[in-house]
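Open the model in your viewer and keep the selection tool ready. We will go from stop to stop, and each stop says what to select.

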Protein chains: 2
Amino acid sequence: MTRYEQEILSIIRHSSEHLTIEQIFHRMKEKYPGIVLATIYNNVNRLWEAGLIRRVSIEGQPDRYDRPHRHDHLVCRRCGWLTDIAFDDLSAALRERLGEEVLYYDLNVFYLCPDCRQNDFPRTPYKEEPHE
Amino acid sequence: MTRYEQEILSIIRHSSEHLTIEQIFHRMKEKYPGIVLATIYNNVNRLWEAGLIRRVSIEGQPDRYDRPHRHDHLVCRRCGWLTDIAFDDLSAALRERLGEEVLYYDLNVFYLCPDCRQNDFPRTPYKEEPHE
DNA sequence: GCAGAATTTTAGAATAAATCTAAATTATTT
DNA sequence: AAATAATTTAGATTTATTCTAAAATTCTGC
């Protein structure tokens, strides 16, 4: 493992958020001011290929990276607001049903967050930051 | 509902595949040769907002659109190859656990498809068509 | 420690998906 | 029919990501 890989892995592991490449980039620049965005992509992709991090792809949002420990996501269908949840672990049942080649799974539960239930459709585009 | 909306909804409903915007575009052009890509985006987004179709976001792939009936996806972690599967319906359990505001959920199960189990990493980029 | 091989980084161009803008067109309402 | 609203179009723009080729770094065997 290279130094950058270790550093990025540690950033992702110690963050409770779900970081985008941009966010990882900003954090890395604090320590390595000359670092370049493509390097973050390279490293993150290698970590992902190695199975050390999880990629979270939510509709209409840039990919986010997450620790690979078993947990699920609650996502607002309108603004994309993302929260961790812990539903039952389905791994065993899925392996039994589909075979041992199952690696892992993503369970994304969609709802309307309290804010979006009020300020009704037509929705604001995803780009506007989901309200905190 | 406009004519285009109806047409596109019907295309998505009657396709067993998971269509990308491009694929929908091609099919629409057969019937409406002058139609423009942005119109497909407009219509599909409206259908999605209305909850009539499902958007399937898989890591590293363009979004695909799917009928909203309950079913899950088996995805090759390496090449992105996508198959429908039917695992247990978790809706009731999720509503019970998280509240009635749960709308629906996505369950994506990752594995390595037979081809990718052989031709090992480093992976071909997602761009190359996942093998049929 | 050094030559050669392999990997990683960099800078910047290129690509691809999706959105936006503003004008033109079409539909709907009154 | 006039006024209002919604949709389409064309094309530019944005954003995320990948690619390319050269430079820098790291690794390996001797």
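## Where the copies meet

Start with the interface residues of chain A: 100% of them are also interface residues in chain B, so the copies meet through the same surface. Two residues are in contact here if their C-beta atoms, placed from the backbone, lie within 7 Å. This is a predicted model, in which local features need pLDDT of at least 70 and side-chain atom pairs count only at pLDDT 80 or more, while totals for chains, interfaces and linings use all residues. Residues are numbered from 1 along each chain as its sequence is written, and chains are lettered from A and ligands numbered from 1 in the order in which they are written.

How many residues of chain A are in contact with chain B? There are 27, and they touch 27 residues of chain B. Select helix 4 (91-98) and strand 6 (102-111) of chain A; each supplies at least two residues of this side. Strand 6 of chain A gives the largest share, ten residues. By class, the side of chain A that touches chain B has 16 nonpolar, two polar and nine charged residues. Ala, Val, Leu, Ile, Met, Phe, Trp, Tyr, Cys and Pro count as nonpolar, Asp, Glu, Lys and Arg as charged, and the others, Gly among them, as polar.

Now show strand 6 of both chains. Strand 6 of chain A pairs with strand 6 (residues 102-111) of chain B in the antiparallel sense, over nine bridges. Two strands pair if DSSP finds at least two bridges between them. Helices (H or I, at least four residues) and strands (E, at least two) are DSSP runs, numbered from the N terminus. Click D106(A): its bridge partner in strand 6 of chain B is N108(B).

## The axis

## Through chain A

Color chain A by element. Chain A holds five helices and six strands. Along the sequence their pattern is α-β-α-α-β-β-β-β-α-β-α. Next, color by domain: an automatic or database assignment gives domain 1 (1-68) and domain 2 (70-132). Five residues of domain 1 of chain A are in contact with six of domain 2 of chain A.

Zoom to strand 4 (residues 72-76) and strand 5 (residues 82-85) of chain A. They pair antiparallel over four bridges. H73(A) stands opposite D84(A). These two strands form a hairpin with five residues between them, and G80(A) in the turn has a positive phi of about 85 degrees.

## A sheet in chain B

Move to chain B. An open sheet of three strands has the order 1-3-2, with antiparallel pairing. Strand 1 (19-20) and strand 2 (54-56) of chain B stand at the edges, each with a single partner strand, so one side of each is left without a neighbour in the sheet. Pick V56(B); its bridge partner in strand 3 of chain B is R64(B).

## Last stop: DNA strand D

Select DNA strand D. Around it are 19 residues, and the closest are P62(A), D63(A), Y4(B), A38(B) and T39(B). A residue is near the strand if its C-beta atom, placed from the backbone, lies within 6 Å of it. Helix 3 (37-49) of chain A and helix 3 (37-49) of chain B each supply at least two residues of this surface. Its classes are ten nonpolar, seven polar and two charged residues.
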